[in-house]
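Here is a walk through one model, helix by helix. Have the sequence and the 3D view open side by side as you read.

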Amino acid sequence: MKELGEQLVETVRKAEKKLRQITAIESEKPVLRGGWSTKQVMGHLIDSASNNHQRFVRAMVQPSLDFPGYDQVGCVRVEASQQADWEMLVSLWATYNIYLAHVIAQIPESKLATPCKIGDDRPVTLEFLARDYWVHLVHHLDQII
């Protein structure tokens, strides 16, 4: 998992440079179907980091994980990232993900197969959750930078 942590750090460092080139005004324009702006996508990515942080840690300290589902539209709405400062969003996202990379690197081999159930989805392993987190992050970064 150390390699995945390093991969996440590299992804964040490269993306952060590009994200900081986006102006506050540009960050407010819709970029996704359904009208999400770059700011809202960034808010979603921060929320994803927060949710996954708890999933990773809890799955490491418990024999299995049963975690609630995730209402991404509701979270974007109530967190109001559209009204947040763009620079703050980028800083929080980058810093949180660097820390999350550190947490991922701490996942021991003995915990990789820990079963994790999120909402009504089928159970997956902790290793799958961690790897899928990076895939999800890259997917959204490709949409906005």
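## Ground rules

This is a predicted model, so local features need pLDDT of at least 70 and side-chain atom pairs count only at pLDDT 80 or more, while totals for chains, interfaces and linings use all residues. Residues are numbered from 1 along each chain as its sequence is written, and side-chain values use heavy atoms, with hydrogens and water left out.

Let's start with α1, which runs over residues 2–19. Helices here are DSSP runs of H or I with at least four residues, numbered from the N terminus. With 18 residues, α1 reaches 25 Å from its first C-alpha to its last, close to the 26 Å expected at 1.5 Å a residue. That expected span is 1.5 Å times one less than the number of residues.

Which residues of α1 are buried? They are L4, G5, L8, T11, V12, A15, E16 and L19; buried means under 20% relative accessible area, exposed means over 50%, and partly exposed is in between (1.4 Å probe, protein chains only). Looking down the axis of α1, the buried residues fall within an arc of 130°, so they line one face of the helix. The arc is taken from the directions from the helix axis to the C-beta atoms. On the other side of α1, K2, E3, E6, K14 and K17 are exposed.

## What α1 packs against

The buried residues of α1 pack against α3 (38–61), α5 (86–105) and α6 (126–144). Contact, here and below, means heavy atoms within 4.5 Å.

Take α5 as the partner: it packs with α1 at an angle of about 170°, with their axes 7 Å apart. Axes are lines fitted to C-alpha atoms, for helices over the stretch in contact, and angles run from 0 to 180 degrees between N-to-C directions. The two helices, α1 and α5, are therefore roughly antiparallel; angles under 35 degrees count as roughly parallel, over 145 as roughly antiparallel, 65 to 115 as roughly perpendicular and the rest as oblique. On the α1 side the contact is made by K2, L4, G5, L8, V9, V12, R13, A15, E16 and L19, and on the α5 side by W86, V90, W93, A94, N97, I98, L100, A101, I104 and A105.

E16 is buried, with a relative accessible area of 16%. Leaving aside neighbours within four places in sequence, E16 is in contact with V90, W93 and A94.

## Bringing in α6

How do α1 and α6 pack? Their angle is about 15° and their axes are 11 Å apart, so α1 and α6 are roughly parallel to each other. The crossing of α1 past α6 is left-handed, which is to say that the near helix is turned anticlockwise from the far one by less than a right angle (clockwise would be right-handed). From α1, L4, Q7, L8, T11, A15 and L19 meet A130, R131, Y133, W134, L137, V138, L141 and I144 in α6.

Next, α5 and α6 pack at an angle of about 155°, with their axes 13 Å apart, and are therefore roughly antiparallel to each other. Their crossing is left-handed. Here W93, N97 and L100 in α5 meet Y133, L137 and L141 in α6.

The 24 residues of α3 should span 34 Å at 1.5 Å a residue, and the end C-alpha atoms are 35 Å apart, which agrees. This helix, α3, is mostly covered, with 18 of its 24 residues buried.

K39 lies in α3 and, at 4% relative accessibility, counts as buried. Not counting residues up to four places away in sequence, K39 touches S27, E28, S81, Q82, Q83, A84, W86 and L89. Q40, also placed in α3, is buried with a relative accessible area of 16%. With the sequence neighbours up to four places away left out, Q40 touches G35, V76, S81 and Q82.

Most residues other than glycine have a negative phi. A80 is not a glycine, yet A80 has a positive phi of about 50°. Where does A80 lie? A80 is in the loop between α4 (72–79) and α5, and A80 is partly exposed, with a relative accessible area of 27%.
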